[in-house]
Amino acid sequence: MKTALVTGGSRGIGAACVRALRRDGYDVIINYNNSEKAALAMAQELGCRAVKCDVSDHGQVQEMFETIGKVDVLVCCAGISLSGLFTDVTPEDWRRIFAVNVDGAYNCIKTALPHMIHEKAGSIVTISSIWGMTGASCEAAYSASKAALIGLTKALAKELGPSGITVNCVAPGVIDTDMNKCYSASDMAALAEETPLGVIGKPEDVAETVAFLVSDKARFITGQVISPNGGFLI
C-alpha cells in the first residue's frame with residue numbers, strides 16, 4: 001500500500017483530498033497545525049494517522065517525517081490567505097504568507113524527496129490558485145505566493161522527471177471552503193454568475209483532480225497546471 005501525506009489535511013480542500021486518496025486505497029497521513037479536533041476525528045473515521053506540524057518550520061517538518069516515515073505521494077495543500085490593499089501589507093504579513101504557502105511546500109518536498117529519488121517513483125501535487133495564474137486585486141501577497149508554487153512545480157518536474165517522479169499543480173477557482181467565508185452571500189452569488197458553469201466549486205472537485213494526478217492513469221503527466229474552475233478562467 002502506498003503512503004500519501006496531505007498537508008493542511010484537516011479542513012476544506014485538504015480534507016477532501018484525504019478522503020479521496022483513502023477511498024483509492026492509500027495509507028493517508030493527515031497533517032494539521034491548528035485544527036486538531038477535526039483532524040483526529042477524521043483520522044478515527046477513516047483509519048488514518050494524523051500528525052501535528054507547522055509546515056513553515058523546517059525543523060518541525062523533519063520531526064514529522066521521522067515520525068511518519070517515507071511517503072510515496074505528497075499533496076502540498078497547507079495554505080493561508082490574505083486580503084487587503086498591497087500598501088497595507090506589512091513585512092510580517094508578507095513573510096508569513098510565503099512561509100506557509102511557499103516555504104511549507106519547500107520544506108515538505110525537500111524532506112520527502114530522498115525516498116522518492118531512491119525508489120525512482122513518486123507523485124507530488126502542489127495546490128495553487130487561479131490567482132496564482134492571473135493575479136487578484138487586493139490579494140497581491142496571496143497571488144504572489146501561489147504563483148511561486150507554479151514556478152516551483154514546473155522547475156521540479158524537469159529536474160525530477162529522470163527520477164520517475166511526477167510533479168503537478170492544481171490551481172482551483174472559487175471553491176466553497178472556510179477560506180472564502182470572508183465573502184458575503186451576494187459576493188459568492190456574483191462569483192457564481194461570472195463562472196460559465198454557473199456554480200461555485202466544491203472541495204471534492206479539486207480532490208478528484210488531485211486523485212487523478214497521483215494515479216497510474218496520469219503517469220505521463222508532469223509539470224502541468226490544471227485548474228478546476230468551472231470556466232472562470234480560460
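Trainee: How many nonpolar, polar and charged residues are in the lining of the largest pocket?

Mentor: This is a predicted model, in which local features need pLDDT of at least 70 and side-chain atom pairs count only at pLDDT 80 or more, while totals for chains, interfaces and linings use all residues. Residues are numbered from 1 along each chain as its sequence is written, and side-chain values use heavy atoms, without hydrogens and water. The lining has 19 nonpolar, 16 polar and seven charged residues.

Trainee: Which residues are closest to the centre of that largest pocket?

Mentor: The pocket holds about 960 Å³ of space. Arg-11, Cys-77, Gly-79, Ile-80 and Met-179 are the closest to its centre, out of 42 lining residues. A pocket here is an open set of points on a 1 Å grid where a 1.4 Å probe fits, with protein on both sides within 12 Å along at least five of seven lines, and lining residues have an atom within 4 Å of a point.

Trainee: Which element gives the largest share of that lining?

Mentor: That is α1, with three residues.

Trainee: Turning to cysteines, how many disulfides are there?

Mentor: The count is zero, a disulfide being a pair of cysteine sulfur atoms within 2.5 Å.

Trainee: Is Cys-108 buried or exposed?

Mentor: Cys-108 is buried, at a relative accessible area of 0%; buried means under 20% and exposed over 50%, with partly exposed in between, using a 1.4 Å probe and protein chains only.

Terms used. Points joined across faces, edges and corners; volume = space filled by probe spheres on them. Helix = DSSP H or I, 4+ residues; strand = E, 2+ residues; numbered from the N terminus. Nonpolar A, V, L, I, M, F, W, Y, C, P; charged D, E, K, R; others polar.
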